[in-house]
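Q: Could we go through this model together? I would like to ask about a pocket, the sheets and some ring pairs.

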Amino acid sequence: RTDDYMHTAYRINAGLRGDLDSVWHYDGYVQFGRTFFQDTQGGYTSLAKIQNALLVDPVTGQCMSGGSCVPLDIFAALGKNISQAAYNYLLTPGLKNGDTTEQVASIALNGDLTHYHVVSPWAKEGMAVAFGGEYRRESLNYRVDNEYSLGDLSGGSQSKANSGSFDVYELFGEARMPLIEDQPWIKSLDVATGYRFSAYNTGAGINTDTYKAEANYAPVDDLRLRYSYNHAVRSPNINELFSAQVQNLWNGSDPCAGSSPSKPLAACQLSGVTAAQYGSIDQCPASQCGSLSGGNPYLAPEVADTYTYGFVAQPRFIPGLNFSVDYFNIRIRNVIAGGLGGPSQTLSQCLATGSSTFCSAVHRDPATGDLFGSGYVDARNVNTGFLQTKGI
């Protein structure tokens with residue numbers, strides 16, 4: 001099997017920056033970018049053609065479907081290759097392509113308010129500010145051929161065409177204020193803050209607030225202490241929102257399958273197994289169970305709170321030495337992930353806890369209880385738990 005990938009990307013930028021007067025300066029730009037993607041897969045066969053090639057009239061030896069069909073004699077092929085003609089008939093390529101586009105327009109003003117006497121009585125420099133607005137539009141188009149759309153490739157998962165877009169409007173501002181300069185045991189003390197409001201027109205109608213607060217204190221030239229708090233937001237990207245929802249496969253096994261399941265009946269019933277099905281459910285073929293994956297236009301943004309404390313030292317009695325030490329603590333909530341930690345995690349948590357959150361994502365074949373074919377674990381993008389990291 002082969003994969004031939006091709007990506008083509010280009011971006012165009014245009015901007016202007018200049019001075020309104022001695023205090024105020026502007027910086028604006030527009031941007032247009034597009035990335036094209038194409039994937040041609042080879043070495044696959046068509047499931048429909050295999051079926052046609054096996055349905056052969058025993059009298060004429062020809063395919064019942066007629067047309068260009070070439071009979072596939074799988075019994076005569078034992079120990080040797082099938083005929084070249086049958087091979088050529090069955091061999092079927094798959095084609096996927098698409099593009100993403102981003103458009104941005106931004107304008108910002110910044111100024112030093114020392115000219116307007118916005119200055120601390122214990123400092124020489126005044127407040128510096130920056131503020132502005134931004135517009136961004138992102139769009140996605142994804143196209144597949146008939147083989148992918150029908151899921152007709154042997155060993156290849158189904159894929160569906162899809163498209164989507166969103167716009168975001170933003171307002172932002174930042175300010176830095178020196179409070180004390182060149183005083184005994186206060187070489188410098190300054191604070192900074194920033195805020196950004198973003199309005200997204202996605203399915204969830206997201207409005208987000210991002211903000212920060214920082215402080216820097218240098219008792220002497222050799223040492224600077226610093227602290228910062230950031231409330232950060234990552235809104236779902238275009239793929240997380242709009243990638244096609246399709247049946248897929250995940251590597252794993254079903255603990256409720258086989259004649260002697262590794263999980264008891266009570267646990268398996270939590271995932272939808274009936275007493276009649278227990279002990280007769282087929283194990284996932286080739287350790288590949290079914291899943292449903294894809295985007296979710298109603299995703300909420302990830303939200304993070306970050307705290308940092310640290311210092312920078314430049315001891316004059318050791319020329320050339322400059323080092324810093326920082327403590328950081330980052331916690332992200334509403335993490336966007338494919339399913340509730342993935343299909344395997346979803347199934348194991350359902351069997352272990354019986355939680356409706358996990359068990360509602362397990363969809364077994366109603367007739368057989370299998371987790372393949374029409375059975376699957378829902379692994380579409382959702383907002384799930386949290387991530388945290390901290391250290392020095």
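Q: Which element gives the most to the lining of the largest pocket?

A: Strand β3 does, with four residues; strands here are DSSP runs of E of at least two residues, and helices are runs of H or I of at least four, numbered from the N terminus. A pocket is an open set of points on a 1 Å grid over the protein atoms alone, where a 1.4 Å probe fits, with protein on both sides within 12 Å along at least five of seven lines, and lining residues have an atom within 4 Å of a point.

Q: Before we go on, what kind of model is this, and how are residues numbered?

A: It is a predicted model, in which local features need pLDDT of at least 70 and side-chain atom pairs count only at pLDDT 80 or more, while totals for chains, interfaces and linings use all residues. Residues are numbered from 1 along each chain as its sequence is written, and side-chain values use heavy atoms, with hydrogens and water left out.

Q: Back to the largest pocket: which residues lie nearest its centre?

A: F37, Y142, S159, N239 and S243 do, out of 26 lining residues. Besides β3 (94-112), the elements that give two or more residues are β2 (24-42), β4 (128-144), α4 (238-242) and β9.

Q: Now the sheet with 11 strands: what is its order?

A: The open sheet runs β1-β2-β3-β4-β5-β6-β7-β8-β11-β12-β17 with antiparallel pairing, where two strands pair if DSSP finds at least two bridges between them. Because β1 (2-19) and β17 (387-391) each have a single partner strand, one side of each is left without a neighbour in the sheet.

Q: And how many bridges pair β6 with β7?

A: Strand β6 (residues 186-200) and strand β7 (residues 207-220) pair over 12 bridges, and V191 has A215 in β7 as its bridge partner.

Q: Changing topic, how many aromatic pairs are there?

A: The structure holds 10, counting rings of Phe, Tyr and Trp (its six-membered ring) whose centres lie within 6.5 Å, with planes under 30 degrees apart called stacked, over 60 edge-to-face and the rest tilted. In one of them, Y227 and Y309 have ring centres 5.2 Å apart and planes at 40°, so that pair is tilted.

Q: Where do Y227 and Y309 lie?

A: Y227 lies in strand β8 (residues 223-234) and Y309 in strand β11 (residues 302-313), so the pair ties together parts that are 82 residues apart in sequence.
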